[in-house]
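Student: I'd like to learn how to read a model like this one. Could we go through it feature by feature?

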Amino acid sequence: MLLQRFSPRAEASSTGPSRSHVVAGVRAMLPFLAGVSPFGVAIGASVAASGFDPLAGWSTSWAIYSGTPQMMTLQMVDSGASSVAIFAAVMAVNLRLAVYAAALVPDWRGASRRWQIFAAYLITDPTYVVARRHATIVAEPAARRAHYVGSALALWCGWLLACAGGLLVGGRLTDLVPPGLFLDLVLVGMVVPMVRRPPVRRAGAIAAALVLPGLVLPAGVGVVVAAVCGAVAALHRSGRASSVGCREERT
Amino acid sequence: MSPWPLIALLGVGTLAVRSVVVVLYGERDLPAAVERISGVLAPAIIAAMLAGSVWSQLALMVGAGGDGSFERLVAIGVGARVAVRTSSVGWTLGAGVAAFALFSCILGAV
């Protein structure tokens, strides 16, 4: 509440959701955009290097709009995989997006169904993280939605431009630093502030340990299975700890 | 064969996965168990994705002496340290890339 009263964002929130929230969303997304853009450039470069129709390859950036499944599609098409296999793999990797949607959907209540589906289309890892961080300082749902639109559209535009840039300049930009490193660093920057809460820290640690045996599962599925196991174990443990705490208080 | 039908199918499927929760629960409360777990599950997914990448780099470094894997792991370590101190993606990126460049130069010179 105090934060809300004194932060510049809160000043704007008193006048209702406005352009300033959208602009704040764009600003909040810029560091993430800097991190994921090299990956977009790498995808564009992969399209240019493969025999894929350039326009069709670039169109995956708005049709699928998620880096790993895009890369996976290009590789699987290149290796002659069937459409069914490609579809199944991409959907498995995208399962996590449904989890992000479940976490964000309470903020979207009150908006039209069309807006909600549009917002769901824009969900990715960075948009989820930026929305959750913003939710810790601003309570007003309309302001949260305006901020989400700003951050998500900034990422969407930047991603499409990065993929187009990669298509045009090839792999020259990504020769110096591997694009996977940028992605890893963005993931580090996203996850570290989140794991400060003990249940989240436990869930993250268990998921990180379980993902190693999970690597034998089809792409993407292992990550989701490991994360579900981690989350269930962490919540079970924190539930047990709080019930033990209640018993101790009673005695 | 034209790639367009496949791209259209993937686009529709991805939108369906993204919006299924919104369509089902856009205007009513999520089941309590789902609401409870989703707040923990999403960060766990991101942690698992990062760990998968780190495990792969470790396997490359140990197994095949992977080119750049050591530098990459050092960069991730430096990035994590900076992320703990600053909670900023920008600083994490800057410090990680700088560490990668520095270690690449040092190992290249050796």
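This is a predicted model: local features need pLDDT of at least 70, side-chain atom pairs count only at pLDDT 80 or more; totals for chains, interfaces and linings use all residues.

Student: Where is A:Ser151 found, and is A:Ser151 buried or exposed?

Tutor: Look in helix α9 of chain A, residues 141–169; helices (H or I, at least four residues) and strands (E, at least two) are DSSP runs, numbered from the N terminus. A:Ser151 is buried, at 1% relative accessibility. Buried is under 20% relative accessible area, exposed over 50%, and partly exposed in between (1.4 Å probe, protein chains only). Leaving aside neighbours within four places in sequence, A:Ser151 is in contact (heavy atoms within 4.5 Å) with A:Gly25, A:Val26, A:Met29 and A:Val130.

Student: What does the secondary structure of chain A come to?

Tutor: 12 helices and zero strands. Of the 251 residues in chain A, 52% are buried. Take the chain A contacts between residues at least 6 apart in sequence: 77% of them join residues at least 24 apart.

Student: How should I read a salt bridge?

Tutor: Side chains of opposite charge can pair when their charged atoms come close. The cut-off is a side-chain nitrogen of Lys or Arg within 4 Å of a carboxyl oxygen of Asp or Glu. Over all chains, the structure holds five. One of these pairs A:Asp125 with A:Arg96, with 2.8 Å between the closest N and O atoms. That pair links distant parts of the chain, 29 residues apart: A:Asp125 is in helix α8 (residues 125–135) and A:Arg96 in helix α6. A:Asp125 is buried at 9% relative accessible area, and A:Arg96 is buried at 5%.

Student: How many salt bridges are there between chain A and chain B?

Tutor: Two. In one, B:Asp29 meets A:Arg109, the closest N and O atoms being 3.4 Å apart. B:Asp29 is exposed, at 59% relative accessibility. In the other, A:Asp184 and B:Arg72 come to 3.1 Å, N to O. A:Asp184 lies in helix α10 (residues 179–194) of chain A and B:Arg72 in helix α3 (residues 69–86) of chain B, so this pair joins two chains. Both A:Asp184 and B:Arg72 are buried.

Student: How many residues of chain A are in contact with chain B, and what area do the chains bury between them?

Tutor: 83 residues of chain A touch 57 of chain B. About 6000 Å² is buried between the chains, 78% of it on carbon and sulfur atoms; buried area is the accessible area (1.4 Å probe) that two parts lose on being put together, summed over both. On the chain A side, A:Arg109, A:Leu185 and A:Leu235 lose the most area to chain B, together 10% of what that side buries.

Methods. Residues are numbered from 1 along each chain as its sequence is written. Chains are lettered from A and ligands numbered from 1 in the order in which they are written. Side-chain values use heavy atoms; hydrogens and water are left out.
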